[in-house]
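Subject: Structure for you to look at

Hello,

I am passing on a structure that you have not worked with before. Please open it and keep it in view while you read the notes below.

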Amino acid sequence: MKSMMITLVALAGASAIYAQSNPLTTELKQSYAEIKGDVTKAAADMPESGYSFMPGKGSRTYGQAVVHIAQVQGALCGMASGSAAPKIDDGKTSKADAVAALKAVFDFCDPIYAAMTDADAAKMVKVFGRDRTKFGALNFGVIHSNEMYGTLAVYLRAKDMVPPSSAGRGNTGKKKE
């Protein structure tokens with residue numbers, strides 16, 4: 001009986017250690033969830049009329065920027081997992097199409113991020129022809145989405161809207177009179 005109790009205590013301790021033994025991928029998952037929320041909300045917040053907004057020649061429209069996020073995020077999740085990413089048509093940039101593309105890609109990526117452990121993260125995959133770790137591929141997705149979210153935030157500000165990451169902080173960007 002005593003040895004069974006010792007075994008149970010050891011197993012409980014081991015499971016607690018295992019839960020804490022994935023600090024890198026735990027942080028990666030948190031970063032992914034944050035940018036996923038900001039990008040999804042930014043896509044939803046812009047009215048349909050803003051999806052054709054382009055700040056200057058050579059820039060993407062808002063709709064093109066949202067679809068670009070979906071394409072790259074999906075491609076990187078596909079490379080990290082070895083699975084085929086959802087096909088995203090870059091010509092479909094209306095609000096409905098862009099939001100649907102994001103949803104499809106995040107539905108595809110969510111279980112890939114969720115299943116990642118620190119041990120899995122060290123495995124090598126091909127990313128745009130280069131050898132990278134799975135962590136590097138998925139972290140590149142987070143980094144790229146953050147960079148592109150910065151673009152979306154500027155477009156929202158140009159339309160006198162507050163980006164989701166600034167909402168509720170009293171940070172409207174408007175001058176006090």
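Which residues in H2 are buried? They are Thr-25, Leu-28, Tyr-32, Ile-35, Val-39, Ala-42 and Ala-43. Please keep in mind that this is a predicted model. The cover over the buried residues of H2 includes helix H3 (62-81), helix H4 (95-115), helix H5 (118-121) and H6. An α-helix has 3.6 residues a turn, so residues three or four places apart point the same way.

Overall layout

The protein has 6 helices and 2 strands. Along the sequence they follow the pattern α-α-α-α-α-β-β-α. Of the 177 residues in the protein, 35% are buried. Among the contacts with a separation of 6 or more, 68% are between residues 24 or more positions apart.

Helix H2 and its partners

H2 has 23 residues, and the distance from its first C-alpha to its last is 33 Å, close to the 33 Å expected at 1.5 Å a residue.

Two packed helices are described by the angle between their axes and the distance between the axes. For helix H2 (residues 23-45) and helix H6 (residues 134-158), the axes come within 9 Å and cross at roughly 30°. H2 and H6 are therefore roughly parallel to each other, the limit for that description being an angle under 35 degrees. Their crossing is left-handed. On the H2 side the contact is made by Leu-24, Thr-25, Leu-28, Ser-31, Tyr-32, Ile-35, Asp-38, Val-39 and Ala-42. H6 contributes Phe-135, Leu-138, Asn-139, Val-142, Ser-145, Asn-146, Tyr-149, Leu-152 and Leu-156. By type, the residues of this contact of H2 with H6 are 12 nonpolar, 5 polar and 1 charged.

With H3, the axis of H2 comes within 11 Å, and the two cross at roughly 150°. H2 and H3 are therefore roughly antiparallel to each other, since an angle over 145 degrees counts as such. The crossing of H2 and H3 is also left-handed. Here Tyr-32, Val-39, Ala-42 and Ala-43 in H2 meet Tyr-62, Val-66, Ile-69 and Gln-73 in H3. The residues of the contact of H2 with H3 divide into 7 nonpolar, 1 polar and no charged.

Two residues in H2 are worth a look. Thr-25, in helix H2, is buried, with a relative accessible area of 0%. Beyond its neighbours within four places in sequence, Thr-25 is in contact with Met-116, Thr-117, Asp-118, Ala-121 and Phe-135. Gly-37 also has its place in helix H2, but Gly-37 is partly exposed, with a relative accessible area of 35%. Gly-37 and Pro-164 are 127 residues apart in sequence, yet their C-alpha atoms are 8.6 Å apart in space.

H3 is mostly covered, with 15 of its 20 residues buried. At 1.5 Å a residue, those 20 residues should span 28 Å, and the end C-alpha atoms of H3 are 29 Å apart, which agrees. Just after H3, Gly-82 has a positive phi of about 80°.

What does Met-148 touch, leaving aside its neighbours within four places in sequence? Its contacts are Arg-60, Ala-65, His-68 and Ile-69. Met-148 is found in helix H6, and at 9% relative accessibility Met-148 counts as buried, the limit being under 20%. From Met-148 to Ala-65 the C-alpha distance is 7.1 Å, although the two are 83 residues apart in sequence.

Backbone points to check

Most residues other than glycine have a negative phi, and most peptide bonds are trans. Where does Phe-128 lie? It is in the loop between strand E1 (124-127) and strand E2 (130-133). Phe-128 is exposed, with a relative accessible area of 52%. Asp-160, in the segment after H6, has a phi near 60°, again a positive value in a residue other than glycine. Asp-160 is exposed, with a relative accessible area of 60%.

Regards

Conventions: Residues are numbered from 1 along each chain as its sequence is written. This is a predicted model: local features need pLDDT of at least 70, side-chain atom pairs count only at pLDDT 80 or more; totals for chains, interfaces and linings use all residues. Side-chain values use heavy atoms; hydrogens and water are left out. Axes are lines fitted to C-alpha atoms, for helices over the stretch in contact, and angles run from 0 to 180 degrees between N-to-C directions. Helices (H or I, at least four residues) and strands (E, at least two) are DSSP runs, numbered from the N terminus. Angles under 35 degrees count as roughly parallel, over 145 as roughly antiparallel, 65 to 115 as roughly perpendicular and the rest as oblique. A crossing is left-handed if the near helix is turned anticlockwise from the far one by less than a right angle, and right-handed if clockwise. Contact means heavy atoms within 4.5 Å. Ala, Val, Leu, Ile, Met, Phe, Trp, Tyr, Cys and Pro count as nonpolar, Asp, Glu, Lys and Arg as charged, and the others, Gly among them, as polar. The expected span of a helix is 1.5 Å times one less than its number of residues. Buried means under 20% relative accessible area, exposed over 50%, partly exposed in between (1.4 Å probe, protein chains only).
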